[in-house]
Amino acid sequence: MEIFDIVRLFAPVALGGLIGAFTNYLAIKMLFRPYNEKRLFGVVVPFTPGIVPKRKNELARAIGGVVSKNLVDAEGVSKMLLSEETINKLKSKVDEIIRSFQSNEESLQSFFSKYAGDERVNALMSRVKNNLENKVDEVVSDDNIGKTIAVSAMSAFDDRVGDGFVGLLTKNMLADSIKDKITPKLANMINDVMRGDGKRMILNIVDTEIDRFANGSVASWTSRISDEKIEELKNGVVRLYSEKVTTELPRLLKTINISKVVEDKIQSMDMPTVEKLVLDVANNELSMLVWFGGLLGAIIGIANVFFIA
């Protein structure tokens, strides 16, 4: 067999395969290219723009409808958000946050200042102090507080001395009439003390405790939380999360027009981005389509050789 005969046999096969692969490749490219309408002598060139650019709005609308109806529905999203894997991740995250708090030596005031700012934290502390001072002032200004303490003191005295011989003797010596005279004087003394040194002492204690709380480390306060409380906290967070997903998610999805969001997002993309997105997803399949076109063309070429023969 001469070289010419070999070429005559294999040329139709190679040419058929090349044409088949090229036509499929060209068809795929023509899905996207050209991006814009082309004109020749004022006449629109056929197949311009490509199918996808020409039908971009309809494609965006169709994809948006499919996503909203079949992919992002309340039942499917709820199932994903309430899956065992998601719940376990939520518990792990809560546990991680608590453990990080228990090893954080930063002061509470500094910790909250990072998130709320120094001005807000200082304003909050000032407001708490003012509220407590007003409450203390309200309590010590009440005339009944001295009377209440005095009566309680006399009752405690009776309980202390008991009902024995000495107790009965003491109670007889302090007859009710004497108690009635002592109690008002004791109440006045208590009121005077409470409005003077007592008030200052209480306010000093309040200031000291507030400062101790604010300057205490995050770890010193959170390390007191037992493992049982941590587990209760995690279960509480999961319960609240599940309730919110169940009750609020359907309403949220109805409020958000998922179809419109997807449609607007696709329409806002330029065509090179859309093309890259589609090719990234279906690159293997489209490549197989090109090779299939080459194979089909080669088969036709082989059949053509037999028919010529």
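Guide: Begin with one residue. K93 lies in helix α5 (residues 84-102). Helices (H or I, at least four residues) and strands (E, at least two) are DSSP runs, numbered from the N terminus. This is a predicted model: local features need pLDDT of at least 70, side-chain atom pairs count only at pLDDT 80 or more, and totals for chains, interfaces and linings use all residues. Residues are numbered from 1 along each chain as its sequence is written, and side-chain values use heavy atoms, with hydrogens and water left out.

Visitor: What does the whole protein look like in numbers?

Guide: The protein has 14 helices and two strands. Of its 309 residues, 26% count as buried. Now take contacts, meaning heavy atoms within 4.5 Å. Among those between residues at least 6 apart in sequence, 74% join residues at least 24 apart.

Visitor: How do I read the length of helix α3?

Guide: The expected span is 1.5 Å times one less than the number of residues. Helix α3 (residues 56-71) has 16 residues. From first C-alpha to last it reaches 21 Å, close to the 22 Å expected.

Visitor: Which residues of α3 are buried?

Guide: First, the general idea. An α-helix has 3.6 residues a turn, so residues three or four places apart point the same way. In α3 the buried residues are K56, A60, G64, G65 and V67.

Visitor: How is a pair of packed helices described?

Guide: By the angle between their axes and the distance between the axes. Axes are lines fitted to C-alpha atoms, for helices over the stretch in contact, and angles run from 0 to 180 degrees between N-to-C directions. The axes of α3 and helix α13 (residues 258-268) come within 8 Å and cross at roughly 145°. On the α3 side, the contact includes K56, A60, G64 and V67. Among its α13 residues are I258, V262 and I266. By class, this contact has six nonpolar, six polar and three charged residues. Ala, Val, Leu, Ile, Met, Phe, Trp, Tyr, Cys and Pro count as nonpolar, Asp, Glu, Lys and Arg as charged, and the others, Gly among them, as polar.

Visitor: At what angle do α4 and α12 pack?

Guide: Helix α4 (residues 74-81) and helix α12 (residues 227-255) pack at about 155°, with axes 10 Å apart. They are therefore roughly antiparallel. Angles under 35 degrees count as roughly parallel, over 145 as roughly antiparallel, 65 to 115 as roughly perpendicular and the rest as oblique. A74, V77, S78 and L81 of α4 meet Y241, V245, L249, P250 and L253 of α12. Eight of these residues are nonpolar, one is polar and none is charged.

Key
Buried < 20%, exposed > 50% of the residue type's maximum accessible area, 1.4 Å probe, protein only.
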